[in-house]
Amino acid sequence: MPLLINLRHVEDDGLELKGKLPASELELDGIDELIKAEKPLHYDLEVQKLEKSVLAQGDLSLTLRCECVRCLKPFDYQLELEDWACLLSLEGDDQVPITNDCIDLTPAIREDILLGFPQHPLCKPDCGGLAKKVIGKKKKTGDAGQEEIPSAWNELNKLKF
């Protein structure tokens, strides 16, 4: 169920909203192949009705399941939007749809969650990436006991033009 605000409940003193919104309501699947929202969004919001708009502000928290771009290990990333605020217009060109005296906050939350996604998720800041494998084996050269380390430069040096 989306996060709906009944405007009749907001008119006088405002409204406090606290709870969880299922991740499926945010429709974040398929946005980024390295980031998935599997756990619900936690919100703690205060909603006030202004003259021609509704102001929602508070904290949003969502745990994302990410895959490190360097080592490909899965890890949890805590996305915190503290002091989040959204002004929804009730009139004019930017008017939000009103259905049965209710407005939906979910699209505005979804938009800011997407902006908060990590661009390059890392399991830790100093992640070294995938373990390096030895490419090729060491070759023995004609010299007594010296081994040649395979490299692209050694192969290029063998070319004769």
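Predicted model: local features only at pLDDT ≥ 70, side-chain atom pairs only at ≥ 80, totals over all residues.

Pocket. The largest one has a volume of about 150 Å³. Which elements each supply at least two residues of its lining? Those are β6 (74–89), β7 (102–104) and α3 (106–116). Helix α3 gives the largest share, 4 residues. Among the lining residues are Ala85, Cys86, Leu88, Val96, Pro97 and Ile103. Asp104, Glu111 and Asp112 line the pocket too. By class, count 8 nonpolar and 3 charged residues in that lining, and no polar ones.

Stay on α3. Thr106 lies in this helix. Is Thr106 buried or exposed? Buried, because its relative accessibility is 5%, and the cut-off for buried is under 20%. What does Thr106 touch, leaving out residues up to four places away in sequence? Pro2, Leu3, Leu21, Glu25 and Leu26.

Now the cysteines. How many disulfides does the structure hold? The number is 0. The cut-off is sulfur atoms within 2.5 Å. Take Cys71: the closest cysteine sulfur is in Cys68, 3.7 Å away, so that is too far for a bond. For Cys66, the closest cysteine sulfur is also in Cys68. That distance is 9.6 Å, again too far. Both are buried: Cys66 has a relative accessible area of 2%, and Cys71 is at 10% relative accessibility.

That's my set. Over to you.

Methods: Residues numbered from 1 in each chain as written. Heavy atoms only, no water. 1 Å grid on protein atoms, 1.4 Å probe; cavity = no way out; pocket = protein on both sides within 12 Å on 5 of 7 lines; lining within 4 Å. Points joined across faces, edges and corners; volume = space filled by probe spheres on them. Nonpolar A, V, L, I, M, F, W, Y, C, P; charged D, E, K, R; others polar. Buried < 20%, exposed > 50% of the residue type's maximum accessible area, 1.4 Å probe, protein only. Contact = heavy atoms within 4.5 Å.
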